[in-house]
Amino acid sequence: MDLFKCGQCGERLFFENNRCLACGTEAGFDWEVCRLVAIKPSSDRLWQAAGDSSRRYRKCFNHEVEGVCNGLVPADSSDRFCVSCRLNQTIPDLSVGKNRELWGKLEAAKRRLVFTLSELGLPLIPKSVDFQRGLAFAFLADPNPDFIEGDRVLTGHSQGVITINLAEADDAVREQMRLDLREVYRTVLGHFRHEVGHYYWDLLVRNDPEIGRVRAIFGDERLNYAQALQDHYVNGAPWDWQMHFVTPYAASHPWEDWAETWAHYLHIIDTLETANAHGVNVQEARHVCSVRDPIGLKMEAILEDWHILRIVLNSLNRSMGHADAYPFVISGAVAHKLRFIHDWIRSRC
Ligand SMILES: [Zn+2]
Ligand SMILES: [Zn+2]
Ligand SMILES: [Zn+2]
């Protein structure tokens, strides 16, 4: 993630800000230039960029009315929603308890996802515009908070629709799920990054004439998916999963391997970019300051940086008494898969 600058006072702005904390000027995200900008009221509920009256905006409906977004829409656009909110198909029932607060957490993670996807030049077509190829999000709450088996919203992807169970935004609930499933890492952002990997498989890989190359690395996805998942839940991952997969779950089926590896690719790209934006320069790292254009770099260079940065990151977390931020090891086979995804995106987007 990049850092931004207030056009009014020059202080830095963070991606999540809707106001400059130094001078109080409101702020919003301009998706056309992928920058957070300080904004000043213009006329008729319109806004303009502080210091640049040529850029005029309306606030995204979810920014102005619902308070869960900081997106902007060009003043002359007919869209009510910003680039990120346009992808929503279903939002939670806002008359219920803390649904709005939880929804806001999902929207924040989704905006970060959308930022990275647009930086990588990946297609971001709303399903409302192209039903066949488009992407949509459904944020749903379990119908019964007491939880009846089989009556639960399942987080997942199906035919371009990414469904996220609203409970994943509740820290206590998500942490309990993480412990129950013996996972070392579970975050809302991680869910988004994983599920969107399934979407891009359908969009970019499924019908590609070179799918044989993907199968050679990730395995044959024509393997019975339901059976493979069932086997995984009964038997667990093979003992040597770490040699071949980034997580135990990635060992369940080639589709899940692709989605897990895809998620890690996005973890790495975003975290390195953030380090770069903050001027972090690990002494031995030769490339950490050049990830501004991740697509222009070779994956080998990115992974060299990542190897150093993840150690620093984990050590900093330990200093604060937290668990490791990135509790994973990238084996040679996983590095090969990450490199493949990187080159696949570079050659197709
Ligand atoms: Zn300011
Ligand atoms: Zn929005
Ligand atoms: Zn999956």
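Which residues coordinate the zinc ion (ligand 3)? I began my notes on this predicted model with that question, and I found His194 (NE2), His198 (NE2) and Glu256 (OE) as the donors, at 2.0 to 2.1 Å.

**Entry 1, the zinc site.** Reading along the chain, I wrote down the spacing of the donors of the zinc ion (ligand 3) as H-x3-H-x57-E. I then looked up where the two histidines sit, and both histidine 194 and histidine 198 lie in helix 4 (residues 188-205), four residues apart, which is about one turn of the helix. Are these histidines buried or exposed? Histidine 194 has a relative accessible area of 8% and counts as buried, and histidine 198, with a relative accessible area of 12%, is buried as well; I kept in mind that the cut-off for this word is under 20%.

I next turned to glutamate 221, which I located in the loop between helix 5 (211-218) and helix 6 (225-235). Leaving out residues up to four places away in sequence, I listed its contacts as Trp201, Ile211, Arg215, His253, Pro254 and Trp255.

I looked up how the protein chain is divided, and the assignment gives domain 1 (4-82), domain 2 (83-203) and domain 3 (208-349). For domain 2 and domain 3 I noted a separation of 20 Å between their centres, taken over C-alpha atoms. At their interface, 20 residues of domain 2 are in contact with 25 residues of domain 3. How much area do domain 2 and domain 3 bury between them? I recorded about 2,000 Å², with 70% of it on carbon and sulfur atoms. On the domain 2 side, Leu120, Arg193 and Trp201 lose the most area to domain 3, and together they make up 38% of what that side buries. Trp201 was already in my notes, as one of the residues that glutamate 221 touches.

I followed four strands that form an open sheet in the order 8-9-11-10, with mixed pairing. Strand 8 (88-90) and strand 10 (156-158) stand at the edges, and because each has a single partner strand, one side of each is left without a neighbour in the sheet. On average, neighbouring strands of this sheet are turned by 30° against each other, direction ignored. Strand 10 pairs with strand 11 (residues 161-165) in the antiparallel sense over three bridges, and within that pairing I found histidine 157 opposite isoleucine 162 in strand 11. Which strands does helix 2 touch? Helix 2 (residues 99-119) packs on the sheet against strand 8, strand 9 (136-140) and strand 11, and its direction makes about 160° with that of strand 9. Helix 4 packs on the sheet too, touching strand 9, strand 10 and strand 11, with its direction at about 20° to that of strand 10; I marked this helix as the one that holds histidine 194 and histidine 198.

Strand 3 (residues 26-30) and strand 7 (residues 71-74) run parallel and are joined by two bridges, with phenylalanine 29 standing opposite glycine 71 in strand 7. Strand 5 (residues 47-49) and strand 6 (residues 52-59) pair in the antiparallel sense over three bridges, and here glutamine 48 stands opposite arginine 56 in strand 6. The hairpin of strand 5 and strand 6 has two residues between the strands, and in it glycine 51 takes a positive phi near 85°. Strand 6 also pairs with strand 7, in the antiparallel sense and over three bridges, and the bridge partner of tyrosine 57 in strand 7 is proline 74.

Last, I looked up phenylalanine 14, which is found in the loop between strand 2 (12-13) and strand 3 and is partly exposed, with a relative accessible area of 35%. Not counting residues up to four places away in sequence, phenylalanine 14 touches Leu3, Phe4, Leu36 and His278. I also checked phenylalanine 14 against arginine 348: they are 334 residues apart in sequence and 31 Å apart in space, C-alpha to C-alpha.

How values were computed: Residues numbered from 1 in each chain as written. Chains lettered and ligands numbered in written order. Predicted model: local features only at pLDDT ≥ 70, side-chain atom pairs only at ≥ 80, totals over all residues. Heavy atoms only, no water. Contact = heavy atoms within 4.5 Å. Donors = N, O, S within 2.8 Å, 3.2 Å for Na, K, Ca; no water. Buried < 20%, exposed > 50% of the residue type's maximum accessible area, 1.4 Å probe, protein only. Pairing = 2+ DSSP bridges. Domains from an automatic or database assignment. Buried area = accessible area lost by both parts, 1.4 Å probe. Axes fitted to C-alpha atoms, helices over the stretch in contact; angles between N-to-C directions.
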